[in-house]
Amino acid sequence: MTSKELEEKKHYIKKSYIDAKKIVSRGNMFMLAIGLLLGASFGALVSSLANDVIMSAITKAVGMKNLDAWVVWPGIHATKETGGIFIGKFLGALIQFIIVSTFIFIGLMIVFTIKNSILYAKAKKNPIEEEIKEEPIPTTEELILNELKKLNENLLETKNSGNKKDLKNDLK
């Protein structure tokens with residue numbers, strides 16, 4: 001390493017500041033921060049809907065006060081329930097996941113529907129052009145096969161006519 005390279009590396013804080021400033025000035029960090037805040041608030045909203053509205057309706061329908069209290073094979077130690085399989089907590093988390101996933105999917109569908117409708121409206125304004133039908137370019141195998149077919153036809157013609165001299169000329 002040369003002394004000049006070492007001197008450049010010595011100013012790593014200044015270089016880090018310049019690199020960070022470039023990224024922030026492009027606007028990506030601002031959009032990321034907005035997305036993070038919206039995502040967090042949307043997540044809290046959907047979690048509240050899942051836990052407070054839908055889960056309470058499910059627990060009333062099942063006849064339990066709290067779904068988290070649903071335990072399979074509880075262990076009993078000194079007249080106190082310990083351990084066991086907390087199936088209620090798992091079902092609560094599973095139902096919350098399904099609800100959040102459904103809301104995200106619906107949100108994406110709305111965004112992509114708007115995007116595609118805008119693209120369709122822009123495309124509709126353009127004049128309609130006739131489709132150009134291109135004939136498929138034959139592959140090397142197809143070209144060889146056609147040549148073999150032609151040679152086979154020539155061979156059959158020469159056999160039928162009885163001219164072996166033509167056959168020799170064709171093969172050259």
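## Stop one: helix H4

Start by selecting Gly 88, Gly 92 and Ile 99, the buried residues of H4. Buried here means under 20% relative accessible area, exposed means over 50%, and partly exposed is in between (1.4 Å probe, protein chains only). Before you go further, note that this is a predicted model: local features need pLDDT of at least 70, side-chain atom pairs count only at pLDDT 80 or more, and totals for chains, interfaces and linings use all residues. Residues are numbered from 1 along each chain as its sequence is written, and side-chain values use heavy atoms, with hydrogens and water left out.

Now color the whole of H4, residues 87–125. Helices (H or I, at least four residues) and strands (E, at least two) are DSSP runs, numbered from the N terminus. How far apart are the end C-alpha atoms of H4? They sit 57 Å apart, which agrees with the 57 Å that its 39 residues should span at 1.5 Å a residue; the expected span is 1.5 Å times one less than the number of residues.

## Stop two: Phe 97

Stay on H4 and pick Phe 97. At 54% relative accessibility, Phe 97 is exposed.

## Stop three: the nonpolar patch

Select Phe 42, Leu 45, Phe 103, Ile 104, Leu 108, Val 111 and Phe 112, and show their surface: together they form a nonpolar patch with about 640 Å² of accessible area. Helix H3 (28–62) and H4 are the elements that give two or more residues to this patch, and H4 gives the most, with 5 residues. Areas come from the Shrake-Rupley method with a 1.4 Å probe; for residues, only the protein chains shown count as cover.

Click on Phe 112 in H4: at 43% relative accessibility, this residue is partly exposed.

## Stop four: Thr 158

Jump to helix H5 (residues 140–161) and find Thr 158. Is Thr 158 buried or exposed? Thr 158 is buried, at 9% relative accessible area. Its side chain reaches the backbone oxygen of Leu 155 at 2.8 Å.

## Zoom out

Finally, show everything: 6 helices and 2 strands, running α-α-α-β-β-α-α-α from the N terminus. Buried residues make up 5% of the 172 residues.

Conventions
Polar contact = N/O pair within 3.5 Å; in protein donor to acceptor, adjacent residues only side chain to side chain. Patch = residues over 30% accessible without salt bridge, like charges linked within 9 Å, V, L, I, M, F, W, Y side chains within 5 Å. Salt bridge = Lys/Arg side-chain N within 4 Å of Asp/Glu carboxyl O.
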